[in-house]
Amino acid sequence: DAGVIQSPRHEVTEMGQEVTLRCKPISGHNSLFWYRQTMMRGLELLIYFNNNVPIDDSGMPEDRFSAKMPNASFSTLKIQPSEPRDSAVYFCASTRETGRNEQFFGPGTRLTVL
Amino acid sequence: AQSVTQPDIHITVSEGASLELRCNYSYGATPYLFWYVQSPGQGLQLLLKYFSGDTLVQGIKGFEAEFKRSQSSFNLRKPSVHWSDAAEYFCAVVGYGNKLVFGAGTILRVKS
């Protein structure tokens with residue numbers, strides 16, 4: 001079985017540009033999570049979806065960040081405009097049942113904003 | 001609010017030695033607890049989890065963890081460390097709204 005798929009694996013962009021990160025969860029999983037990992041702040045939950053509906057976006061840092069899940073097999077995290085402080089590794093994770101079950105993590109997207 | 005504390009940022013052990021990584025949590029109800037491992041450049045992989053029942057939980061790669069409610073702890077142990085265990089380890093608790101709350105992580109170095 002394919003795990004959680006994220007693309008791109010690496011992204012280098014210039015300040016002010018739009019960045020779109022993509023995630024395909026494991027088939028059959030109905031919850032999807034976006035995390036950001038930095039040295040300073042560790043792992044932070046940005047937003048999570050249940051059955052394609054955003055449940056909690058309290059971790060989204062500001063309006064420059066937005067996330068969508070148009071269907072059960074695809075989600076995007078967009079940053080517009082990007083800033084150097086957005087440089088981090090962004091992880092997507094999915095699970096079959098929020099809370100009790102293991103979250104399966106993708107390999108992450110390493111974003112560098114110059 | 002729920003929180004997880006991993007008091008050790010770095011730990012270095014010799015190959016073959018025993019290992020214990022500490023984790024303390026703050027959560028009012030019965031916690032759901034996890035240990036994840038992250039190798040460099042990789043995502044997180046689940047080592048083990050605790051929901052209820054036996055307080056000593058066995059996981060993959062020879063790891064185990066013991067839930068102690070009286071100490072609000074969920075420490076990870078391994079009797080004999082291998083060089084391939086070098087990685088970063090995260091303890092997590094399911095908190096309000098079914099969200100995972102992670103600790104800051106402990107980086108394990110293994111010396112030969």
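Strands here are DSSP runs of E, at least two residues long, numbered from the N terminus. Keep that in mind as you click around, and remember that this is a predicted model.

Start with strand β4 of chain A, residues 31-38. Of its 8 residues, 7 are buried, so the strand is largely enclosed by the rest of the structure.

The link from β4(A) to β5(A) is a hairpin of 3 residues. For one pair to zoom in on, pick A:Thr38, whose bridge partner in β5(A) is A:Gly42.

Next, show β9(A), residues 88-95. It too is antiparallel to β4(A), joined by 7 bridges. Highlight A:Trp34 and you'll find its bridge partner A:Cys92 in β9(A).

The largest pocket holds about 650 Å³ of space. To centre your view, select A:Gln37, A:Met39, B:Gln38, B:Glu88 and B:Phe90, the closest to its centre of the 26 lining residues. Elements giving two or more residues to this lining are β4, β9 and β11 (109-113) of chain A, plus β10 (87-94) of chain B. Colour the lining by class and you get 11 nonpolar, 12 polar and 3 charged residues.

Last stop: the second largest pocket, with a volume of about 180 Å³. Of its 13 lining residues, A:Leu43, B:Gln2, B:Ser3, B:Val101 and B:Phe102 are closest to the centre. Here β5(A) comes back into view, giving the most to the lining with 3 residues. By class, this lining splits into 6 nonpolar, 4 polar and 3 charged.

Methods:
Residues are numbered from 1 along each chain as its sequence is written. Chains are lettered from A and ligands numbered from 1 in the order in which they are written. This is a predicted model: local features need pLDDT of at least 70, side-chain atom pairs count only at pLDDT 80 or more; totals for chains, interfaces and linings use all residues. Side-chain values use heavy atoms; hydrogens and water are left out. Buried means under 20% relative accessible area, exposed over 50%, partly exposed in between (1.4 Å probe, protein chains only). Helices (H or I, at least four residues) and strands (E, at least two) are DSSP runs, numbered from the N terminus. Two strands pair if DSSP finds at least two bridges between them. On a 1 Å grid over the protein atoms alone, a cavity is a set of points where a 1.4 Å probe fits but cannot get out, and a pocket is an open set with protein on both sides within 12 Å along at least five of seven lines; lining residues have an atom within 4 Å of a point. Grid points are joined across faces, edges and corners, and a volume is the space filled by probe spheres set on the points. Ala, Val, Leu, Ile, Met, Phe, Trp, Tyr, Cys and Pro count as nonpolar, Asp, Glu, Lys and Arg as charged, and the others, Gly among them, as polar.
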